[in-house]
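Trainee: Please show me the model. I would like to go through it by questions.

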Amino acid sequence: MSKRWLIATIAALSLIVAACANPTEGGGDATTTSSASDEETTTTAAAEETTTTAGESDSGGETPYEHLNAALNGDYTGTEVTVNAQWIEGEEENILSVLTPFEEATGIDITYEGLTDYETVLTVRVEGGDAPDIAQIAQPGKMRQFAAEGQLVALSDWINMDQIQTDYIQSFIDLGSHEGDMYGLFFKGDLKSIVWYPVQAFEDAGYAVPTTWDELVALSDQIVADTGATPWCVSMEHGDATGWVGTDWIEDILLRTAAPEVYDQWVAHEIPFNDPEVLEAAEYMSQIWFTDGYVYGGNTAINATFVGDTQTPMFSADGPECWFHKQAAWIPDFWPEGTEAGVDSAFFFFPPIEAEFGNPVLGAGDQWMMFNDRPEVRALVEFLATADAARPWIERGGFVSPNSSVPLDWYGAFPNNELAAIMANADTFRFDASDTMPAEVGQGSFWQAMIDWVAANGEGTEDVFQTVEDSWPAS
Amino acid sequence: MSKDQPGSSHERGLSRRTLVWGLAFLLALTLLWVGVVILLDPEAITRMLVSFYRLTGLEGQAAAIDERGLQEGFTRLITAVFALIVGVGGIWVLFTTGNALIEASPSPIRRHLRPWLFILPAMIFLGVYLVFPLVETIRLSLLEDGGFAENYSFVFTDPAMQVAMRNNALWLIIGTTGSVVIGLLFAALVDRVKREAFAKTFIFLPLAISAVGASVIWRFVYVWRPEGSEQIGLLNAVWTGIGNEPVPFLQTMPWNNFFLILIMIWIQTGFAMVVLSAALKGVPTELVEAARIDGASERQLFFRVVLPSIRGAIITVTTTIFIVILKVFDIVFVMTGGRFDTEVIANRMFSEMFRFRNFGKASALAVVLLIVVIPIMVVNIRNMRRQGVGT
């Protein structure tokens, strides 16, 4: 009898302890429930750094957005909005620095949840009827799928589109649109058309930063001749996402060898995936990837080395073992300890190939999607559309805003100011194709094709691209 | 109790007692339902407390809660206690009244109803969480994404799927055989070791870690670095140490499959060994001695006498490991993500479901796995019946 009581007591106690412990949700332990004190302690530093809060610059709620004005007026105090995104740890602090000023100015309670296994958890929540009010998404293709399924609220139905048209160039509005309505609000831009190089070694050897493709290839040859090292660091391994680096190269080159309309037709499948223009881009790419002695570790390394480790040989103590690494601006987070962006390695713009196509920029970015329609949710979306919203993150670095009303001097130091300058200088901007195409291709067969192509050391180009063309879903 | 006396209320069928207990049972059910509804609503506890305070005249407290809200920890404590009362107490009351109701019912009804009272909750849960998803999956595979024809023809004819099928076959054959054979070998050998428990622990240990944990460990075994750089992978360090070029194990097709299967064998061998070791110990010594007297060699002894007598255990182990390997996902997902020709069905199901949002195709894959596992389950159950376990 006493044993039973013991078991019952233990069970009861564990229930109580479980209830009193902090609840953790979702795929990671990055939940942030936002009671006022929580937000304060984690983001006090950020809040103090920003010189603007949402209220200040808009002196008494005079923004061009009606719901935001009402919110600033205190109309929605006490309401709750849930936000999901894939930003965790360091980046989570960044997004919180954006959301906290809004909370303080409007009294709306924002619950932000950063999820590690974002795709899976978001799908489960949406299918289970438990969608967050606002969710971040990196792939416009996914956003369009949600929109087609009727899960999203069309922003263009209620938001001040005149202001949006003023603040964002048409490309960004189109990227967030599905069948004429805008469902996604662009928030964060990511530039890919940059090549990192070792600053000191360049100076020592007296090399000049290449400004055209031919100069880039010539410089690569010169490095081989002068040092015997492989001039390029390239690698793709990323678990089930292996292959996206290759897709970035194809897209960036295609923008430089064909008109932007060709790129758009390619993404929309109005021309076949293996159109001769695309195969021509693949030719240029082979010049670098598959020339003997160009890539560190050869094609084996491309498939076997983790993307975060690609640039490590550049910092080797005996001098760079590879000299060029084309990768987006977040790569410094993966560099070895003690290396600094701008000091040990800086970047130059991925050079144009054919002069008539100017300076195209390939990028990616994050949009906000809206699942539930309530006035306070509208207010938050409008807030995120303003230039002020992103300012705390801009000042923290690693953030480029697609909002053209953001003054360039907010960008402070390297690398942000240079990135912003490239963005401003671009003749064309296009979004990463593999994120925009249907998922079966963009994250399925296109990635696989890159892997197979590399494994074959650049042979069978036509077959590889044909396979992708064949895999395009019928609808 | 006057149960069996003639003319008692008992034999008059539905009696007052039945009605009373029937009502009590329904009341318990209603209260339980209300309790669950309250627990699901986060505001309800607060409102309950406020009304409680108001009722008992503690106006000040009630006002304070209205203004500032309850402190998180305190609310959770109250919720936990309330949950205990509703959950444990409610179920207890439900079963007690239910049982009393059945006691108060006429005899034939009693006999039939009693077992149902106790298994009904479990059946409801199983129904909701097992049967309904099963039916729904089959339905999705037949109706979504272009229907039966497109989904199932995708499963069997798509080139990527054919690679996955081939890989699953490899996993099943090599993984199962490897685990059972090596497990049997260890079981036979460990029998004669002095510190048997010690040795067994080491072999069994991998089973205790998750498949993901095992995959991370083996990732560091298989890591590749270009020739000339420092090899941080165990295998490559040894391989280059004896003067060879480093080998990218996970990217070399098709051998990478075998390196992945090795991980599964590493995990499952412990299970096979433990079960087979117990079975080996159960072989009657008289049998072995009689065979020895009859002049059997050690090999003949093992293959002709011992193995047949542990046949049941071998089948159990084989079918269990078979089912585990059929579902393999973690190892492939973590190590290669299905790239480099290592795709397996479960991994593809995940991609179709969450990455491509093709619910029809994902469901079709799940149904195919289900169909493949049915014959194995039949063998397993038959085997268990033969061994006298269960009815």
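Mentor: First, a definition: a residue is buried if 20 or more other C-beta atoms lie within 10 Å of its own, exposed if 12 or fewer, and partly exposed in between, with C-beta atoms placed from the backbone. This is a predicted model; local features need pLDDT of at least 70, side-chain atom pairs count only at pLDDT 80 or more, and totals for chains, interfaces and linings use all residues. Residues are numbered from 1 along each chain as its sequence is written, while chains are lettered from A and ligands numbered from 1 in the order in which they are written.

Trainee: What percentage of chain A counts as buried?

Mentor: Chain A has 475 residues. By the cut-off of 20 or more, the buried part is 48%.

Trainee: How far apart are the centres of domain 1 and domain 2 of chain A?

Mentor: Domain bounds come from an automatic or database domain assignment. Domain 1 of chain A is 24–191 + 364–421, and domain 2 is 194–363 + 430–470. Taken over C-alpha atoms, their centres are separated by 31 Å.

Trainee: Which helix supplies the largest share of the side of chain A that touches chain B?

Mentor: Contact means C-beta atoms, placed from the backbone, within 7 Å; 25 residues of chain A meet 20 of chain B this way. Helices are DSSP runs (H or I, at least four residues), numbered from the N terminus. α1 (2–20), α6 (118–127), α15 (298–304) and α20 (439–455) of chain A each give at least two residues. The largest share, six residues, comes from α20(A).

Terms used:
Two residues are in contact if their C-beta atoms, placed from the backbone, lie within 7 Å.
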